[in-house]
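Please read it alongside the sequence and the coordinates shown here.

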Amino acid sequence: MLIASLIIVVIALVFATAKLRMHPFLALLLAAFAMALAGGIAPKEAVSLINDGFGSTLGYIGIVIALGTIIGVILERSGAAIVMAESIIRLLSDRFPNFTVSLIGYIVSIPVFCDSGYVILNSLKNAMAKKTGISVVAMSVALATGLFATHNFVPPTPGPIAAAANLDIADSLGLVILVGLIVAAVTAIVGALWAGRYSKANDEELLEQDPISEAVGEEIEEPEPDMTHRPSTLASFMPIIAPIALICLGSIASLATRDAVPGMLASTLIFLGQPVVALAIGVVFAFGLIKGNDRKDRFHQITVDGILLAAPIILITGAGGAFGNVLRATPLGDQLGTALAGLGLGLLVPFIIAAALKSAQGSSTVALVTASTLVAPLLPDLGLDSDMGRVLAVMAVGAGAMTVSHANDSFFWVVSQFSRMKVSTAYKAFTTATLLQGISAIITIYLLGLILV
């Protein structure tokens, strides 16, 4: 009944947002409450779960979205985004823009959460789409799937690390990283190929109205970038490079000191590597791009516009977190895990369990942690009791944890709202891409298992 309820609620959610034009924020809150009642949760407790899920999601990503949006507006208005796009095109050519953006996401998401990575790279992606004439939908899917690939397979992202620890392979993280990079490369390529289907798509049919225009109820012409004070290439990249570098260094310091008390240098790097702190430093670098005697007034207006852009994204992302939190509170995950654990399908078992958990509750990290815990005692029976077998089991769990990203996943809403995709477009373009990524990943892992185990 719970599985049937989830299917009905997701269908109703898509119908309400795509056909009835209900705002996703309200639709997600109603979906969360409906699933709470279907799961036997008391109405009072359901409200508490919705509040907790909303708050905990925004506690992680809310300020990051706001700061990242402000950086993005500055990059666009100052002309820095154009400078960055031109530099990347000169370096890598403009023949395969989808693969270029996917490669950027693939690298960035190794130390950076895919949500934060997408926020940071959004303005660069938009500038490259405009410069190359490729659809924003195609570039958005390519970036998102590139980020999603390494997020699920390659430490030091927390999900793969936790899965490796649960499967007693934490001492061989180098092997996990090596195999993870291979599997993630396959999934990133598949995502970029799928994105190519939308390269020449008509964005006017697939995207929503501009959020600022919608918020104030009138059409607003986007200001042209100020190219009279064309920023240097280094200055243009610093608002993006600095946060990414700080987050990378923070991840390395945290990983290196996970079994010891961090010293002053490590503590400083860990502090500066927090996404909120790193993005705040990025805003400081971005402020330097604003030139002219009225730079303070322009910065104030940019901040106002950034907040207007960020507000609906923040609310929708929080509502998606509330929906996922309600699903985690129901017995849905336990029922699916228990039912699938005894199928005896080798590497397919951890994949199916993780995919069921991911699709049911939304969080890839939760799916990685929970599925690896359920699978750990089954490894001998599955023939995966060797070091390489455990590494491939981690990979199989990671493949399942990306299958699929939809309405209960905060990353789905970050991608769709920052890209201004219609919900129906996001399901066709992005959710389908994550399904293809998961399938291609488990096929790759199965083939590796035939060779290595």
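## An enclosed helix

Because 11 of the 14 residues of helix 17 are buried, this helix is largely enclosed by the rest of the structure; buried means under 20% relative accessible area, exposed over 50%, and partly exposed in between, with a 1.4 Å probe and protein chains only. The model is a predicted one, in which local features need pLDDT of at least 70 and side-chain atom pairs count only at pLDDT 80 or more, whereas totals for chains, interfaces and linings use all residues. Residues are numbered from 1 along each chain as its sequence is written, and side-chain values use heavy atoms, with hydrogens and water left out.

Among the buried residues of helix 17 are Val 349, Pro 350, Phe 351, Lys 358 and Gln 361. Helices (H or I, at least four residues) are DSSP runs numbered from the N terminus. Helix 17 covers residues 348–361, and its end C-alpha atoms are 20 Å apart, which agrees with the 20 Å that its 14 residues should span at 1.5 Å a residue, the expected span being 1.5 Å times one less than the number of residues. Just after helix 17, Gly 362 takes a positive phi of about 100°.

## Aromatic pairs

The structure holds 9 aromatic pairs, where rings of Phe, Tyr and Trp (its six-membered ring) pair if their centres lie within 6.5 Å, and planes under 30 degrees apart count as stacked, over 60 as edge-to-face and the rest as tilted. The rings of Phe 287 and Phe 299 have their centres 5.0 Å apart and their planes at 80°, so this pair is edge-to-face. The pair links distant parts of the chain, with Phe 287 in helix 14 (residues 275–287) and Phe 299 in helix 15 (residues 295–329), 12 residues apart. Phe 287 counts as partly exposed at 26% relative accessibility, and Phe 299 counts as partly exposed at 23%.

The rings of Phe 411 and Phe 430, with centres 5.7 Å apart and planes at 80°, also form an edge-to-face pair. Phe 411 lies in helix 21 (residues 410–419) and Phe 430 in helix 22 (residues 423–452), 19 residues apart. Phe 411 is buried at 1% relative accessibility, as is Phe 430 at 0%. Tyr 118, Phe 148, Phe 411 and Phe 430 form one aromatic cluster.

## Thr 434 and its surroundings

Thr 434 lies in helix 22 and is buried, with a relative accessible area of 0%. The side chain of Thr 434 reaches the backbone nitrogen of Ser 405 at 3.1 Å. Not counting residues up to four places away in sequence, Thr 434 touches Phe 148, Met 402, Thr 403, Val 404 and Ser 405, contact meaning heavy atoms within 4.5 Å.

Methods:
Helices (H or I, at least four residues) and strands (E, at least two) are DSSP runs, numbered from the N terminus. A polar contact is a pair of N or O atoms within 3.5 Å; within protein, one must be able to donate a hydrogen and the other to accept it, and residues adjacent in sequence count only if both atoms are side-chain atoms.
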